[in-house]
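Please open the model in your viewer and display the side chains.

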Amino acid sequence: MRNSLAAATAAVGMTAALLAFVPATTANAGPLICDPGSHSVDWVTTSRTRVLTHKVKGYEKEYTGGSRTVTKTLEHSKTLTSGRNVDSGASAGFGVKGILISLDAHVNGSYTHEKGRTTTRSVSVSDTLTKKGRYFFYVGRLKASGYWVGYRCDGGTKWIEQAHGRARSYSAAIDGATRCGERVSKKSMADLVQKKYC
């Protein structure tokens, strides 16, 4: 009996000694929700707008029969840039490319990620006009922009806000000609031109 009691006492003492070596942080830590040290980006606001980058030129087709291919040279008027700003916080882990790829996914588009600017050269635009009416030739780009918040995974148990700022990107050039009165998509560059010039 005494031997059994002594053995039980020794076992309890050993368990207590082992618990003393367990780090307090492990005992108090919550469930793992992320990879320690990883980063994540959330978007507070995003927008997708149409921007005319060259001066629009008009042309009037005065006859109904036949078709005619017309070329217009449009002068550059607006420059767009692609990149991201960090308004506050540490930018480590939130590179330009990663931020812009995340922005693409949120505005459902295909955008360029170069830090440089859009072309500042004049551009020639050709289109075949088939109906009588007023036409306007244009060059533009889709612009994606938004306000982001960056988080860092702390120990695998919580996300901590680390930085926030703004980002913008633009698509490849979109050019063409639209006739006043023709039906076009409400999301197209042609629709923007019609609203501004027809």
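Is F94 buried or exposed? In this predicted model, F94 is buried, with a relative accessible area of 2%.

Before examining its surroundings, display the whole chain as a cartoon. Four helices and eight strands are present, and their order along the sequence is α-α-β-β-β-β-α-β-β-β-β-α. Of the 198 residues, 32% count as buried. Among contacts between residues at least 6 apart in sequence, 79% join residues at least 24 apart.

Next, select W43, L52, I99, L103, Y138, W148 and A167. These residues have the most contacts inside the largest nonpolar core, which has 23 residues. At least two residues of this core come from each of β1 (39–52), α3 (96–107), β6 (133–154), β7 (158–170) and α4 (189–197).

Centre the view on L52. Leaving aside neighbours within four places in sequence, its contacts include Y138, V139, M189, L192 and Y197. A second, separate core of nine residues may then be selected through V125, L129, F137 and A177, which are among its members.

Now turn to the aromatic rings, where two pairs are found in the whole structure. F94 and W148 form a tilted pair, 5.7 Å centre to centre with 35° between the planes. Because F94 lies in the loop between β4 (83–89) and α3 and W148 in strand β6, this pair ties together parts 54 residues apart in sequence. W148 is buried, at a relative accessible area of 0%.

Finally, select F136 and Y197, an aromatic pair that is also tilted. F136 belongs to strand β6 and Y197 to helix α4, so parts 61 residues apart in sequence are tied together. F136 is buried at 11% relative accessible area, whereas Y197 counts as partly exposed at 35%.

Key:
Residues numbered from 1 in each chain as written. Predicted model: local features only at pLDDT ≥ 70, side-chain atom pairs only at ≥ 80, totals over all residues. Heavy atoms only, no water. Buried < 20%, exposed > 50% of the residue type's maximum accessible area, 1.4 Å probe, protein only. Contact = heavy atoms within 4.5 Å. Core = buried A, V, L, I, M, F, W, Y, C linked by side-chain atoms within 4.5 Å. Phe/Tyr/Trp six-rings, centres within 6.5 Å; stacked < 30°, edge-to-face > 60°.
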